[in-house]
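Please open the structure in your viewer and keep the selection tool at hand. The stops below say what to select next and what is there.

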Amino acid sequence: MGKAQRRAADKSSRSGAVRARSFGAPNDVIDNHSARTSDPNMLQLLFYLLFKVIPLLLISVPFWFLTALLSLVYGRPPKMVFPSQTNRFMKYAMQSNESKAVKADLMMTILLHTATSRISGFCWLLDEIIYGRQLKSLHVQNPLFVMSAYRSASTEMARILSKDTDKFVAPNAIMCAFPYLWLWNLITWIIGDDSGITAEEANGYLNKSFSKESLERHDNNHFAIDTFDGYFLSSHLNGLAFQLGADVIVKEFNCARFEEHNRYLFEYCFVEHVDRIARKTLLYYGASSESEKTFLLKGHFLQSANALQKKYPEARFLSVLRDPMHRLQSGINHMAVNSTLWQRKAPNWHSLTDAFQQIEVQYCELEMEWYKNGNDKRFVVKFEDFTKNNQKTIIRIYQDLLESNPDEIPHYDIPSKTPKCYTVNRSLGELGVNEAILKQQLVRYYAWMKEK
């Protein structure tokens with residue numbers, strides 16, 4: 001790893017059974033080591049309450065007062081849970097079809113997450129106290145947002161672009177999970193430029209809680225750029241939506257649009273969070289107020305695109321267009337095997353399928369309109385073009401979107417991709433998706449993709 005990569009890597013390394021019929025696997029239980037299928041019993045709930053919930057609630061008490069006072073001076077941290085969110089998710093839990101034990105488990109988790117978000121809020125405010133003036137002096141100019149739908153190869157695209165460190169600065173996954181500049185600098189100061197551990201070794205340790213089925217779908221390189229909005233939504237309560245049914249997933253974890261009650265979250269908090277982490281990343285990597293470095297961020301945040309464009313009029317947006325049927329099938333399987341979403345429970349395949357079909361249709365319609373009606377700062381490439389000829393596609397992006405001179409375009413040494421064989425890989429037919437009906441709903445989108 002290079003020096004900058006080692007710094008980012010070092011700071012982090014220190015600091016339900018899935019039932020599936022799959023291709024190449026027997027039609028029985030696929031081991032997902034952190035999953036359980038039974039509801040928690042009274043003893044487990046009591047243990048959770050006495051040894052985790054109550055102690056952390058007590059620890060968080062002083063931070064409620066500290067964040068309230070400091071927020072009057074420095075503004076409310078955008079990653080802190082709102083009481084209205086807590087109230088809404090409590091209602092979701094109580095109205096769910098789960099057992100009383102599961103409802104109690106969910107409600108304690110909601111309460112705990114709300115309380116401890118004040119601790120993370122205080123950590124956020126420390127940056128404002130220590131680095132506030134420096135952060136304000138920086139200019140986030142012409143940021144590039146790789147903004148695509150789920151499972152469209154946008155992560156690979158962003159990681160390739162981020163290798164051009166002469167042009168881009170980007171926060172890695174750990175920096176998005178812990179967006180505190182004081183912490184990044186503290187750990188860098190403690191361990192220096194060489195911790196004696198490689199990024200591969202650190203990733204192996206950090207990925208212990210992820211099943212092999214999940215890592216087959218996404219490699220979880222914590223020291224590379226990754227999906228930013230996943231970390232943002234998890235800092236609020238939206239990440240719990242997967243345990244509350246299809247309707248809640250569509251309302252609270254929808255990358256295409258938002259409900260009115262989430263308008264402030266996606267049009268203000270999200271944008272403020274992006275702006276602050278952009279400035280922190282620029283400052284961390286030594287950018288000055290006159291720096292021409294471009295901030296690079298990747299995610300699925302079409303619901304916030306207009307707000308981001310308003311914040312950064314010169315921002316550029318890039319999407320990778322992939323067949324919606326392939327995205328949908330990959331996305332459902334990916335979410336199902338990600339045990340961190342299910343809190344030790346088996347995934348609800350039916351809820352995922354129902355929710356993701358709705359989101360996919362909404363996303364396709366809105367993505368098409370947004371990129372069609374934009375200017376030359378909005379650019380799309382086809383998944384097939386990108387996977388077949390990475391370098392040619394990258395050259396197009398540099399020339400047509402970034403307006404770079406030919407001599408400014410780096411040559412990327414990109415290894416050829418090898419086909420993956422997934423342990424869990426349900427087809428759309430097995431998931432109960434009627435492809436013919438869904439494709440009929442997306443006729444305009446397919447026609448638009450064909451034009452590109």
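**A tour of selected side chains**

Begin by selecting Arg88 and Glu252, which form a salt bridge (a side-chain nitrogen of Lys or Arg within 4 Å of a carboxyl oxygen of Asp or Glu) whose closest N and O atoms are 2.8 Å apart. This pair links distant parts of the chain, with Arg88 in helix α3 (residues 83-95) and Glu252 in helix α11 (residues 246-252), 164 residues apart; helices are DSSP runs of H or I with at least four residues, and strands are runs of E with at least two, numbered from the N terminus. Both Arg88 and Glu252 are buried, where buried means under 20% relative accessible area, exposed over 50% and partly exposed in between, with a 1.4 Å probe and protein chains only.

The model is predicted, so local features need pLDDT of at least 70 and side-chain atom pairs count only at pLDDT 80 or more, while totals for chains, interfaces and linings use all residues. Residues are numbered from 1 along each chain as its sequence is written, and side-chain values use heavy atoms, leaving out hydrogens and water.

Next, select Asp219 and Arg159, whose side chains meet in a salt bridge at 3.0 Å, N to O. Asp219 lies in the loop between α9 (212-217) and α10 (228-235), and Arg159 in helix α5, 60 residues apart. Asp219 counts as partly exposed because its relative accessibility is 43%, whereas Arg159 counts as buried because its value is 16%.

Finally, move to Arg151, in the loop between β3 (144-147) and α5 (154-162). Arg151 is buried yet has no salt bridge, and the nearest side chain of opposite charge, Asp226, is 8.3 Å away.

Definitions and conventions
Lys and Arg count as positive and Asp and Glu as negative; His and the chain ends are not counted.
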